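Have the coordinates open as you read.

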Amino acid sequence: MSEPRPIDINMDLAAARAGQPAAIGALILAHQRSVYSLALRMLGARDLAEDLTQEVFMQMSESLHGIESNEHLEFWLRKVATNRAIDQLRRRSRFEMTPIDDHEPMFGPVDHGDPLFQRHLEMHLAQLSPAARAVLLLRYQEDLDPTEIARTLEIPVNTVKSHLTRSLDAMRHGLAGAGREKREDKHR
Amino acid sequence: MNNDLESKLKHALRPVAPSDAFTQRLLARVAASRDSRPQARPTASRITRRAAWWTSAALAASVLAAVGIQHQLQTERERTLGLQARRQVIEALRVTSQKLDLAYQAVRTQSVGGDRDSGV
Amino acid sequence: MRIFRSSILGALLMPALAFAAASPQLVLPDFTALSQKAAQSTTITLDSTLLSLAGRFLDGDDPQDAAAKDVIKGIKGIYVRSFTFDTDSAYSQSDFEAVRRQLTAPAWSRLVQTRSKKTHADVDIYVMIVDKQAVGLALISSEPRALTIVNIVGSIDLEKLHKLEGQFGVPKLDLEPQK
């Protein structure tokens with residue numbers, strides 16, 4: 001059997017490293033949803049999210065020489081986006097609530113039959129610490145497991161698991177409370 | 001209950017796309033920056049930065065056209081790569097199974113007392 | 001302790017290096033020299049992106065493709081380096097010592113060690129178990145005229161690997177991991 005040609009999925013990556021604008025553009029198009037969504041849900045405001053997204057991709061275009069594969073690029077983008085967002089949130093006054101732009105959808109289409117869920121999620125995210133927020137997003141938006149989240153955020157795996165457990169418990173508690181209120185309202 | 005909540009979270013937290021206008025500005029900005037020195041960390045206010053984006057939007061049309069063509073090429077390339085990836089998956093699993101079989105044979109031989117030195 | 005030190009080191013390094021620390025993915029050496037000596041060599045590098053892409057092109061109606069698709073579901077990477085030589089002893093232990101060394105880490109458990117006087121094939125199989133689930137598999141097969149290293153990363157379902165019997169000739173493995 002002759003040696004199979006090694007796959008070069010990194011064709012865009014190689015082309016981007018060589019400075020081809022179209023290849024860099026293709027990488028941005030492939031990853032902008034993920035980066036923008038992380039930024040939006042971390043920072044809670046569209047203009048802040050756009051600024052952060054731009055910063056991340058500008059840095060990416062300068063750092064391509066150090067990126068080894070598409071998998072590495074995904075890791076790198078998540079890491080830079082979340083860490084920059086965490087830094088921004090920590091620089092804000094601790095008494096300032098993270099602004100939630102009521103007119104900017106942070107999520108996809110509202111789930112039928114559960115219209116309150118996204119509202120609760122939005123409120124819940126705003127109450128979380130920057131690190132806990134990042135953990136939740138990396139788990140449920142990016143579908144990373146705790147080990148990968150720990151590597152991305154450079155925190156212990158147990159800390160990740162603790163954040164997840166507390167977040168889910170708080171959400172369940174909040175949703176149960178909302179359910180009770182809804183039932184009480186119905187009976188008034 | 002946990003699975004239901006997690007399922008809802010995954011659904012609600014699916015990535016959302018930024019506006020086309022933002023994408024256009026972003027591509028133009030990155031393309032423009034490739035020929036200049038690395039950008040210093042922005043110190044201007046948000047309003048000034050947003051104004052700068054609009055001025056670079058003039059480059060966006062040509063970049064988007066290039067990206068459009070790239071997208072078509074990308075689709076074709078993706079198919080080629082996908083078929084190649086499929087072949088490589090099959091080959092990887094074949095090689096793995098072949099070597100697992102070597103181990104199995106050694107273990108089986110040992111269990112019938114024919115060949116020493118196999119350990120589990 | 002080694003894993004803890006790796007974590008601290010990883011926290012201090014750039015993202016590129018932190019990416020490579022403490023992972024079921026082995027750092028495979030550059031085998032260019034070995035490849036040049038080999039009559040036949042196979043280099044397969046399938047990360048999660050490629051596996052996902054491959055999954056879209058595996059035909060669910062074809063038994064072989066369907067079996068492969070099922071196996072790779074929870075897998076995030078498959079890395080194969082395989083060499084066949086025209087003569088005996090064309091390579092040495094030192095050529096893959098760097099790989100063996102990684103498998104002495106506490107996170108890895110040796111599942112199988114076979115040394116066959118009949119076929120002169122030595123096969124070592126290692127698994128990395130996290131929370132009672134296999135998240136990494138490494139196989140080193142050393143034969144007189146062939147060397148194969150396989151590293152599989154991700155949620156490995158050994159039972160599904162068993163079920164490849166008949167598709168890729170994999171026999172059932174009723175083996176328990178050992179330290």
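## Strand pairing around S6(C)

S5(C) and S6(C) pair in the antiparallel sense over eight bridges; strands here are DSSP E runs of at least two residues, helices are H or I runs of at least four, and both are numbered from the N terminus. Pairing itself asks for at least two DSSP bridges between the strands. Two residues sit between S5(C) and S6(C), which form a hairpin. If you want a spot to look at, C:Ile140 has C:Ile149 of S6(C) as its bridge partner.

This is a predicted model, with local features needing pLDDT of at least 70 and side-chain atom pairs counting only at pLDDT 80 or more, while totals for chains, interfaces and linings use all residues. Residues are numbered from 1 along each chain as its sequence is written, and chains are lettered from A and ligands numbered from 1 in the order in which they are written.

S6(C) also pairs with S2(C): the two run antiparallel and are joined by nine bridges. There, C:Val80 stands opposite C:Val150 of S6(C).

## How enclosed is S6(C)?

Nine of the nine residues of S6(C) are buried, so the strand is largely enclosed by the rest of the structure. Buried means 20 or more other C-beta atoms within 10 Å of the residue's own, C-beta atoms being placed from the backbone; 12 or fewer would be exposed, and in between partly exposed.

Both faces are buried: C:Ala146, C:Thr148, C:Val150, C:Ile152 and C:Gly154 point one way, and C:Leu147, C:Ile149, C:Asn151 and C:Val153 the other.

## Where chain C meets chain B

The contact takes 40 residues from chain C and 32 from chain B, with residues in contact if their backbone-placed C-beta atoms lie within 7 Å. On the chain C side, elements supplying at least two residues each include helix H4 (48-57), strand S2 (75-84) and strand S6 (146-154). H4(C) gives the largest share, six residues.

By type, that side of chain C has 25 nonpolar, eleven polar and four charged residues. Nonpolar covers Ala, Val, Leu, Ile, Met, Phe, Trp, Tyr, Cys and Pro; charged covers Asp, Glu, Lys and Arg; the others, Gly among them, are polar.

## A helix pair in chain A

Over in chain A, helix H3 (residues 46-63) packs on helix H4 (residues 70-91) at about 135°, with axes 10 Å apart. That makes H3(A) oblique to H4(A).

Residues making the contact include A:Leu52 and A:Val56 of H3(A) and A:Leu77 and A:Ala81 of H4(A). The contact residues divide into seven nonpolar, one polar and two charged.

For the geometry, axes are lines fitted to C-alpha atoms, for helices over the stretch in contact, with angles from 0 to 180 degrees between N-to-C directions. Under 35 degrees is roughly parallel, over 145 roughly antiparallel, 65 to 115 roughly perpendicular, and the rest oblique.

Terms used: Two residues are in contact if their C-beta atoms, placed from the backbone, lie within 7 Å.
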